[in-house]
Amino acid sequence: MSPVRPARRAGGARTATAARTPFVILVVTLLGGGLIALLLLNAAVNRDSFQLNKWEKETTGYTDEQQQLQQEVDQYGAPGSLERQARKLGMVPGGNPAFLGPDGSVLGTPERATAPPPPPSPKPSASGSSTPSAPASPSTAPPSPSTTSTPTR
């Protein structure tokens with residue numbers, strides 16, 4: 001005896017397709033949503049990348065400006081520049097300094113700072129040349145490392 005099979009209905013194929021439809025719509029919706037989210041994320045990253053590039057260019061410009069200003073400060077702090085500026089202000093190199101000991105005693109012999117004589121001005125010669133015939137020699141010993149003058153009272 002063979003088992004009895006139920007008769008197939010004509011609408012059975014439609015029932016299986018109808019049951020798959022919500023699943024297919026769900027999968028397509030999830031894939032589409034993921035694709036849109038990925039696109040939006042990529043756009044946000046690109047926008048931030050452009051902002052980062054702009055900030056890097058600004059930082060490079062500020063770094064260059066900072067280095068230029070540091071070089072300018074270094075030039076003003078160079079010993080030769082400081083000496084020229086001090087002479088323009090009427091300062092003269094200090095003499096031998098004197099120091100005060102912890103007990104109030106004076107160590108060393110203080111000397112008054114005196115201005116060295118100005119270098120001779122070039123005299124025009126008959127040939128029209130304005131160069132001096134003899135080079136100017138330094139008039140005093142080189143200045144001490146301290147370029148401040150000793151106040152007198």
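A nonpolar patch on the surface is formed by Phe 23, Val 24, Leu 26, Val 27, Val 28, Leu 30 and Leu 31, which together have about 690 Å² of accessible area. Patches of this kind are made of residues with over 30% relative accessible area and no salt bridge, nonpolar side chains (Val, Leu, Ile, Met, Phe, Trp, Tyr) being joined within 5 Å and like charges within 9 Å. Accessible areas were computed by the Shrake-Rupley method with a 1.4 Å probe, and for residues only the protein chains shown count as cover. The model is predicted, so that local features need pLDDT of at least 70 and side-chain atom pairs count only at pLDDT 80 or more, whereas totals for chains, interfaces and linings use all residues. Residues are numbered from 1 along each chain as its sequence is written, and side-chain values use heavy atoms, with hydrogens and water left out.

The protein as a whole contains 2 helices and 2 strands, arranged along the sequence in the pattern α-α-β-β. Helices (H or I, at least four residues) and strands (E, at least two) are DSSP runs numbered from the N terminus. Of the 153 residues, 4% count as buried, and the accessible surface of the protein comes to about 14000 Å², with 62% belonging to carbon and sulfur atoms. Among contacts (heavy atoms within 4.5 Å) between residues at least 6 apart in sequence, 31% join residues at least 24 apart.

Helix 2, spanning residues 79-88, includes Ser 81. Ser 81 is buried, its relative accessible area being 9%; when neighbours within four places in sequence are left aside, Ser 81 is in contact with Gln 75 and Tyr 76.

Side chains of opposite charge can pair when their charged atoms come close. With a salt bridge taken as a side-chain nitrogen of Lys or Arg within 4 Å of a carboxyl oxygen of Asp or Glu, the count comes to 1 salt bridge. Arg 87 forms a salt bridge with Glu 83, and the closest N and O atoms are 3.0 Å apart. Because Arg 87 and Glu 83 are 4 residues apart in helix 2, about one helical turn separates them. Arg 87, at 37% relative accessibility, counts as partly exposed, and Glu 83, at 29% relative accessibility, also counts as partly exposed.

Conventions. Buried < 20%, exposed > 50% of the residue type's maximum accessible area, 1.4 Å probe, protein only.
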